[in-house]
Each structure stands twice: as structure tokens, then as C-alpha cells.
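I opened the notebook to record what I look up in this structure. Entries follow in the order I made them.

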Amino acid sequence: MTQTAEKRENQRIPLDTPVSYSLNGIVWYDTRSVNINYTGMLLRAEEFLMPGQLLHLVFRLPNVHRDEIIETKGEVIRIATRRSKQVGVAVHFMYLHPAHQKVIQKFINRVSR
């Protein structure tokens, strides 16, 4: 996936985990993540999405308690393309529950050591 040169406050950690997302809470799509940081994640997504769209996201992190399902809203902030075809979307977490934020921070801290 192509990425523009940009400065990030937090380095993204590679993460290949199943993610379900929905635009309307009725139709759900299953995909996989590419990476994650404290504020968002990059998803593989071939469905046509546009910056500014809100997604409902549901996922788990590896090696975290099985019952710890993370649910959050996210805003599409960038489209990743390859050969003019959408292959992924960068999503900024919004409305992330404080407990889920702690789970993500703990996971990133553990992996980045």
C-alpha cells in the first residue's frame, strides 16, 4: 500500500488481525488490519469509502483477553491506493472508550519494546 510521506506523533505497529466494520450498523464488512497506533489503524478495504465517512469498528488484539472486544467509531482520514485502485483506508479512532484506549496502549507498549 502506498503511503504519503508524513510525520506521525506515534509510530504505527504492524498488526494483522480481523476487523469488522459498518457504515450504517446494518451491513457489515470483514477485513484485516495492516497496522495500528494509539489514535487509529490502517485497514485493508476494497469497498469504496471516502475521507470523512464514519465507520463502526469491532476488533480484538492478539494476546489480549479473549473477551476484550474493542468497539469504536472511526473516521476515514485517508485512502490507500495501488495503481489507482483503493486497497485500504486509514481510520482515526473517535469515541474510544477509556478502557479500550488502555488496552490498545498496553498492547502497543508491549509490542514496541
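Entry 1, surface. I take accessible areas from the Shrake-Rupley method with a 1.4 Å probe; for residues, only the protein chains shown count as cover. The chain's accessible surface comes to about 7100 Å², and 50% of it belongs to carbon and sulfur atoms.

I am reading a predicted model, in which local features need pLDDT of at least 70 and side-chain atom pairs count only at pLDDT 80 or more, while totals for chains, interfaces and linings use all residues. Residues are numbered from 1 along each chain as its sequence is written, and side-chain values use heavy atoms, with hydrogens and water left out.

I found 1 helix and 7 strands in the chain; helices (H or I, at least four residues) and strands (E, at least two) are DSSP runs, numbered from the N terminus. Along the sequence the pattern reads β-β-β-β-β-β-β-α. Of the 113 residues, 38% count as buried, where buried means under 20% relative accessible area, exposed over 50%, and partly exposed in between (1.4 Å probe, protein chains only). I also looked at contacts (heavy atoms within 4.5 Å). Among those between residues at least 6 apart in sequence, 55% join residues at least 24 apart.

A nonpolar core is a set of buried Ala, Val, Leu, Ile, Met, Phe, Trp, Tyr and Cys residues joined through side-chain atoms within 4.5 Å. The largest one here has 23 residues, and Ile-36, Phe-59, Leu-61 and Ile-104 have the most contacts inside it. At least two residues each come from S2, S4 (40-44), S5 (54-59), S6, S7 (85-94) and helix H1 (98-112). H1 gives the most, with 4 residues.

Entry 5, strand S4. Which strands pair with S4? Two strands pair if DSSP finds at least two bridges between them. S3 (residues 28-36) runs antiparallel to S4 and is joined to it by 3 bridges. These two strands form a hairpin with 3 residues between them. S4 also pairs with S7 in the antiparallel sense, over 5 bridges. I noted two partners: Ile-36 stands opposite Met-41 in S4, and Gly-40 has His-92 in S7 as its bridge partner. S4 is largely enclosed by the rest of the structure, because 4 of its 5 residues are buried.

Entry 6, aromatic rings. Rings of Phe, Tyr and Trp (its six-membered ring) pair if their centres lie within 6.5 Å; planes under 30 degrees apart count as stacked, over 60 as edge-to-face and the rest as tilted. I count 2 aromatic pairs by this rule. The ring centres of Phe-59 and Phe-93 are 6.1 Å apart and the planes are at 15 degrees, so this pair is stacked. Phe-59 lies in S5 and Phe-93 in S7, so the pair ties together parts 34 residues apart in sequence. Phe-59 is buried at 2% relative accessible area, and Phe-93 is buried at 7%.

Is Ile-70 buried or exposed? Ile-70 is buried, with a relative accessible area of 1%, and is found in S6 (residues 70-82). Leaving aside neighbours within four places in sequence, its contacts include Leu-57, Phe-59, Leu-61 and Ile-104. Ile-70 and Gln-101 are 31 residues apart in sequence and 8.9 Å apart in space, C-alpha to C-alpha.
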